[in-house]
Amino acid sequence: MLLIIFLGIFFYDTTIGRWAGVHLYYFAFFFATVNVFSWQIEKQALIFYLILPIVLFAYTVLANIPDYNNVPTDKNLSNAIYLFNFCMTLVILGINGFIIIKENITAQKKLSLSKLNLQSLIDNTRGYIWSINTNYKLIAFNTSFKDIIHSHYKTECYEGIDVRTFFLFPNNPKELLGIYERALKGESFTEEYFSNNNYFEVQASPLYNTEKKIRGATFHSRIISAKKIGEQNLQQSKINLETLINSIGNSTWSITEDYKIIAASKLYISDMKKIFDIEICAGFDISTLFSLPNYPIEWKEQYNTVLSGKNLFVDYTFEDEFFELNAVPIKNIHNEIAGAVFFSRNITYRKNIEFELNKSRIKAEEAALAKAQFLSNMSHELRTPLNGIIGITNILLSEKYLPAQTNNLEILKHTGDHMLVLINDILDFNKIDAGKVELENNPFNLIETVEKMKSFFSWEASSKGLHLEININKELNRQVKGDVTRLRQVLTNLLSNAIKFTETGSIVFEIQILEKLSDKECLIRFSITDSGIGIEKDKLDHIFESFGQADASIIRKYGGSGLGLTISKKLIQLMNSELNVESSVGIGSKFWFDLVVGCSLENSLLPVEKKLNEIGTLESVHILAVEDNATNMLVVCKMLEKWNAKVSRAKDGSEAVELVEKNNNFHLILMDLQMPVMDGFTATKHIREKNKIVPIIALTATTDEVLTNILTQKGMNDVVQKPFIPEQLFYKIKQVLAV
């Protein structure tokens with residue numbers, strides 16, 4: 001640039017005059033210096049240098065600068081100045097050239113460093129990066145691209161190689177050629193392709209030069225097989241889920257927190273079309289339905305409830321049909337409510353069945369209540385006369401009688417007891433089924449219990465010409481603990497059946513100790529063997545069914561309620577054992593069970609049962625007996641008088657209340673419950689209003705456990721069931737009076 005200006009000045013000097021040239025060299029020197037220190041604006045300086053000669057030429061002409069030939073001056077000085085300016089111009093030109101060369105070298109170094117940094121950057125970028133020019137020649141690539149080319153095609157990758165040569169290999173994806181062509185046409189895009197058993201995603205974009213013309217294209221590819229397989233699995237899971245939802249027969253749908261549909265089953269879509277005439281699809285806003293006149297307000301409340309974070313399980317009705325709705329909120333990874341899912345199904349059929357079952361249940365409960373009431377009434381009606389029979393028998397046994405009458409009275413007593421067992425079988429069957437039987441655990445004399453049974457069953461067996469043999473282990477001559485009433489009931493049923501179904505031969509009743517479990521417990525086996533008709537093997541389980549017999553003809557021939565074995569088996573199960581049976585038709589049967597009972601090692605027999613007048617005394621005790629049945633009144637009064645008690649009588653509750661009001665000195669009241677005029681409950685209520693101290697013992701023939709349990713809440717102190725054993729009544733009285 002300076003050289004051009006220098007030549008221009010020289011030409012100007014020779015044509016116009018040396019003085020002008022002298023001035024021009026000064027200007028050239030000045031602007032050359034400026035150019036050295038501000039080379040960044042070299043283009044602007046060049047323009048200035050081109051304009052400057054024109055300006056100077058015009059100035060010289062207009063200012064009329066004289067030629068040096070006409071102006072006296074020192075020629076040597078002028079030549080020196082001219083030479084100095086020329087030399088300084090050359091020096092400045094050299095410095096300027098040096099600076100330009102140095103800056104070019106520095107720029108080249110920076111460019112190389114940037115290229116290294118860029119190469120390092122792309123080498124450390126995940127995936128495969130490469131660039132091509134418009135001739136499909138490779139101009140840049142990272143190490144990963146080089147490695148995969150070598151791995152897949154067994155060829156080296158270098159700058160300048162034509163990428164189209166890769167398509168000569170059979171496993172190269174041909175769709176890449178189309179990707180190259182699109183990018184070189186100026187299109188930026190993302191595409192997927194499959195190559196060498198992997199899915200790839202490539203990002204392509206064109207490369208431009210400074211003139212904004214396409215000079216190539218760059219590509220960034222990465223393996224997305226895991227993502228692709230995940231997407232496929234997700235899609236398959238979605239298909240499976242949709243198939244499952246559509247196959248379970250429920251109306252199912254899910255929404256976002258702003259009521260947008262996420263997914264819905266075909267049944268839900270069909271229901272919405274039928275009810276509201278709308279097409280449900282993903283993204284549909286459910287809240288737009290809230291303003292419809294036929295949209296149930298409770299549905300909106302259900303949405304709000306679930307989206308507030310609560311689970312919902314409700315039944316509701318719509319258009320005279322019943323539905324069941326189960327809804328749960330959906331939470332995101334931050335445990336925030338993101339939506340909800342709903343499951344609804346039509347349960348009209350189930351509800352109708354429930355209504356029918358409920359009606360049947362009510363009828364069954366009414367029938368059970370009627371049955372219980374009937375049994376309660378029958379219990380009272382049967383036990384009331386039986387109480388008189390057993391009571392009078394006990395009184396006769398306590399009085400003087402002829403020795404020849406002893407056996408008859410004993411038989412009468414045990415016949416009454418046997419009749420009571422039969423009644424108890426019928427009544428206990430109902431209690432056992434209701435789970436209301438509770439076993440006692442009291443001490444009793446096992447041998448004495450068996451001996452009493454023997455006196456009755458020996459007579460019954462001998463009347464049929466049968467031999468009854470009872471074998472008891474001698475070590476059982478001791479006190480045992482258990483429920484003697486229930487044990488006697490089971491043994492009575494088994495012995496009665498053995499005698500009933502045996503025409504000839506014998507019955508053997510054995511009690512033996514199988515094992516001494518501890519000092520206080522023994523394992524005892526009870527077995528009854530007969531030589532009767534026997535039972536077929538396929539009928540053995542049937543005999544324990546309610547009201548069942550091995551053969552229907554047996555009922556006609558032998559009679560019976562069909563409850564004895566059923567009750568016996570259930571009672572034995574309550575005692576934590578099993579009633580077992582072995583039988584052969586025409587040979588006989590054997591029934592047995594094993595019980596764990598409390599037993600002492602000491603031979604401490606319980607006292608022998610005393611007669612009525614030997615139990616004890618109630619002397620100086622004034623008792624009011626309230627009973628409407630004359631026979632039962634006679635039995636109670638005779639028993640009390642045997643014990644030297646003073647007895648007053650009342651035939652109903654009203655009379656009892658009057659007697660208590662007149663005479664407040666009764667020590668005890670025996671109160672029957674079912675009486676005319678005023679029952680025992682009402683009488684007790686009136687008595688307790690004025691006398692809260694006098695003990696009241698209820699005498700009842702009912703077996704209603706609920707009734708028995710609430711008697712104490714009605715103001716009574718204790719309960720004695722009829723028919724009662726004299727000892728039981730005596731000890732109850734002693735216990736209540738605490739004497």
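Arg 350 sits in helix α10, which spans residues 348-398; helices here are DSSP runs of H or I with at least four residues, numbered from the N terminus. A quick word on the model: it is predicted, with pLDDT of at least 70 needed for local features and 80 or more for side-chain atom pairs, while totals for chains, interfaces and linings use all residues. Residue numbers start from 1 along each chain as its sequence is written, and side-chain values use heavy atoms, leaving out hydrogens and water.

**Around Arg 350**

Arg 350 counts as partly exposed because its relative accessibility is 30%; that class falls between buried (under 20% relative accessible area) and exposed (over 50%), using a 1.4 Å probe and protein chains only. Leaving aside residues up to four places away in sequence, Arg 350 touches Asp 315, Glu 324 and Arg 345, where contact means heavy atoms within 4.5 Å. With Glu 324 there is also a side-chain polar contact of 3.3 Å, meaning a pair of N or O atoms within 3.5 Å, one able to donate a hydrogen and the other to accept it. Phe 322 is 28 residues away along the chain from Arg 350, and their C-alpha atoms are 8.9 Å apart.

Two packed helices are described by the angle between their axes and the distance between the axes. Axes are lines fitted to C-alpha atoms over the stretch in contact, and angles run from 0 to 180 degrees between N-to-C directions.

| Helix pair | Angle | Axis distance |
|---|---|---|
| α12 (residues 446-462) and α13 | about 25 degrees | 11 Å |
| α13 (residues 484-500) and α15 (residues 564-574) | about 145 degrees | 9 Å |

α12 and α13 pack at an angle of about 25 degrees. That makes α12 roughly parallel to α13, a label for angles under 35 degrees. On the α12 side, the contact includes Leu 446, Met 453 and Phe 457, and on the α13 side Val 484, Leu 487 and Ile 499 are among the residues involved. By class, the contact of α12 with α13 has 9 nonpolar, 3 polar and 2 charged residues; Ala, Val, Leu, Ile, Met, Phe, Trp, Tyr, Cys and Pro count as nonpolar, Asp, Glu, Lys and Arg as charged, and the others, Gly among them, as polar.

Now for α13 and α15, which pack at an angle of about 145 degrees. Among the contact residues are Arg 486, Val 490 and Leu 494 of α13, along with Gly 564, Ile 567 and Leu 571 of α15. The class count for α13 with α15 is 6 nonpolar, 5 polar and 1 charged.

Within α15, the buried residues include Gly 564, Thr 566 and Ile 572. After α15 comes Asn 576, with a positive phi near 65 degrees.

Technical notes:
Helices (H or I, at least four residues) and strands (E, at least two) are DSSP runs, numbered from the N terminus. Angles under 35 degrees count as roughly parallel, over 145 as roughly antiparallel, 65 to 115 as roughly perpendicular and the rest as oblique.
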